[in-house]
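Welcome! Please take a moment to look over the sequence and the 3D view before reading on.

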Amino acid sequence: ARVTKLHASAQEVFDKSQAAQKRREPGPLRVMGISCTMMSQASPRISTSEWGLEKALQTAKEKYSAETKLFKLRDMSIRTCEGFYSKSKFACTFPCSITEMDEKDEMAAIYLNMIAWADIILIATPIRWGNASSLLYKMVERLNSVQNQIATQRKYLIKNKVAGFIITGGQDNVQKVAGELM
């Protein structure tokens, strides 16, 4: 799997997502992997969640001839959600205003690939203090603008996808973490 960094404007993301809603071009399965670990090459040991994700993407590519993309949230510049939804449900819509205001915000790559490219989305997270990675929650909070399209405009931007989760940790709570991700 290759690490993908894609800079796109919010309008490009919106336009491509609208086109993708109309039809999926024929071709191989497209598998998007999202690693939510903070561990990097400088860490004293490997991340088991990221290792599992890389193996899953490799298997998808080799066994099923799938196209794969790997996103490592720790290496991406993703701003924190600013909670516009708390002010008004119409203040938090897609495309996300943070992405529109900050061209360096790389959440656009997640939006674009999750909505318009991927058939399968694999999310890998370690368990820390009985919870999923804080990077996962940061990404999910920013996905509120996508989910809010349902409430404000009755549009489902993420549909006809398969999701899978890789959760690793040396402690209990895997069921709790899995339940939160569903």
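## About the model

This is a predicted model, in which local features need pLDDT of at least 70, side-chain atom pairs count only at pLDDT 80 or more, and totals for chains, interfaces and linings use all residues. Residues are numbered from 1 along each chain as its sequence is written, and side-chain values use heavy atoms, leaving out hydrogens and water.

Let us begin with strand 1, residues 30–35. Helices (H or I, at least four residues) and strands (E, at least two) are DSSP runs, numbered from the N terminus. Six of the six residues in strand 1 are buried, so the strand is largely enclosed by the rest of the structure. Here, buried means under 20% relative accessible area, exposed means over 50%, and partly exposed lies in between, using a 1.4 Å probe and protein chains only. In a regular strand, side chains alternate between the two faces of the sheet. In strand 1, Arg 30, Met 32 and Ile 34 point one way, while Val 31, Gly 33 and Ser 35 point the other way.

Strand 1 has partners, where pairing requires at least two DSSP bridges between two strands. Six bridges join strand 1 to strand 2 (residues 67–72), and the two run parallel. Ser 35 has Lys 72 as its bridge partner in strand 2. Strand 1 also runs parallel to strand 3 (residues 120–128), with five bridges joining them; there, the bridge partner of Ile 34 is Ile 123. Together, strand 1, helix 2 (residues 48–64) and strand 2 form a right-handed β-α-β unit. Right-handed means that, with the strands pointing away from the viewer, the path from the first strand over the helix to the second runs clockwise.

## A mostly covered helix

Helix 4 (residues 107–117) is mostly covered, with 10 of its 11 residues buried. Among the buried residues are Met 107, Tyr 111, Asn 113 and Trp 117. Ala 116 also belongs to helix 4, but it counts as partly exposed, at 21% relative accessibility. The C-alpha atoms of Ala 116 and Asp 15 are separated by 9.6 Å, although these residues are 101 apart along the chain.

## The largest pocket

Next comes the largest pocket, with about 500 Å³ of space. On a 1 Å grid over the protein atoms alone, a pocket is an open set of points with protein on both sides within 12 Å along at least five of seven lines, a cavity is a set where a 1.4 Å probe fits but cannot get out, and lining residues have an atom within 4 Å of a point. Points are joined across faces, edges and corners, and a volume is the space filled by probe spheres set on them.

Of the 20 residues lining this pocket, the closest to its centre are Ile 123, Val 140, Leu 143, Phe 165 and Leu 181. Helix 5 gives the largest share of the lining, four residues. By class, the lining has 14 nonpolar, three polar and three charged residues. Ala, Val, Leu, Ile, Met, Phe, Trp, Tyr, Cys and Pro count as nonpolar, Asp, Glu, Lys and Arg as charged, and the others, Gly among them, as polar.

## A cavity and its cysteines

The whole structure has one cavity of 30 Å³ or more. The largest cavity has a volume of about 80 Å³, and of its 14 lining residues, the closest to the centre are Cys 81, Phe 84, Cys 92, Cys 96 and Ser 145.

How many disulfides does a search of the whole structure find? The search finds zero, a disulfide being a pair of cysteine sulfur atoms within 2.5 Å. The closest cysteine sulfur to that of Cys 81 belongs to Cys 92, 5.9 Å away, which is too far for a bond. Cys 81 is partly exposed at 26% relative accessibility, whereas Cys 92 is buried at 10%.

## Backbone details

A cis peptide bond, with omega about 0°, joins Phe 94 and Pro 95. Pro 95 sits in the loop between strand 2 and helix 3.

Ser 65 has a positive phi, near 55°, in a residue other than glycine. Ser 65 lies in the loop between helix 2 and strand 2 and is exposed, at 53%. Arg 154, not a glycine either, has a positive phi of about 55°. Arg 154 is found in the loop between helix 6 and strand 5 and is exposed, with a relative accessible area of 74%.
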